[in-house]
Amino acid sequence: MSTQHAEHTAHTHSHGPACGHDAVPHGDHVDYAHDGHLHREHGGHWDECEAGGHVTHEGHEHQHGEGCGHRQVRHGDHVDYLHDGHRHAEHEGHWDDH
């Protein structure tokens, strides 16, 4: 799974622990969910941080949904669930790692 490097231009908001947006652990950095997409700080600016490709989370028996105990994060046209340090999204009868 690769990550795109696309600068989010005209992003004047500085993300951090008290910024009001969900912090999402993502590998070696933290993304912030903002307006339906994910931002990460990179070299003095903010990048869009979207995973490329399709990675199925194998052996995921837990069914996410309202009241499942995992935090929901809006991501584009769907909702991701924060679970064990990564995001899961429902996709065609299974869960993907984002």
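Arg40 stands opposite Asp47, a residue of strand E5. Strands here are DSSP runs of E with at least two residues, and helices are runs of H or I with at least four; both are numbered from the N terminus. This is a predicted model, in which local features need pLDDT of at least 70 and side-chain atom pairs count only at pLDDT 80 or more, while totals for chains, interfaces and linings use all residues. Residues are numbered from 1 along each chain as its sequence is written, and side-chain values use heavy atoms, with hydrogens and water left out.

Strand E4, residues 37-42, pairs with E5 in the antiparallel sense, over four bridges. Pairing means that DSSP finds at least two bridges between the two strands. E4 and E5 form a hairpin, and two residues lie between them. Gly43, in that turn, has a positive phi of about 60°.

Now E5 itself, residues 45-48. In a regular strand the side chains alternate between the two faces of the sheet. In E5, His45 and Asp47 point one way, Trp46 and Glu48 point the other way, and all are buried. Buried is under 20% relative accessible area, exposed is over 50%, and partly exposed is in between, with a 1.4 Å probe and protein chains only.

Next, what is in the loop between E5 and E6? Cys49 is found there. Is Cys49 buried or exposed? Cys49 counts as buried because its relative accessible area is 0%. The C-alpha atoms of Cys49 and His37 are 7.9 Å apart, and 12 residues separate the two along the chain.

On to the sheet. Five strands make an open sheet, in the order E6-E10-E9-E8-E7, with antiparallel pairing. Its edge strands are E6 (55-56) and E7 (72-75), each pairing on one side only. E6 pairs with E10, residues 94-97, in the antiparallel sense over two bridges. Val55 has Asp97 in E10 as its bridge partner.

Last, the whole chain. There are 10 strands and zero helices. Of the 98 residues, 39% count as buried. Take the contacts, heavy atoms within 4.5 Å, that have a separation of 6 or more: 42% of them are between residues 24 or more positions apart. The chain exposes about 5900 Å², and carbon and sulfur atoms supply 45% of that. Those areas come from the Shrake-Rupley method with a 1.4 Å probe; for residues, only the protein chains shown count as cover.
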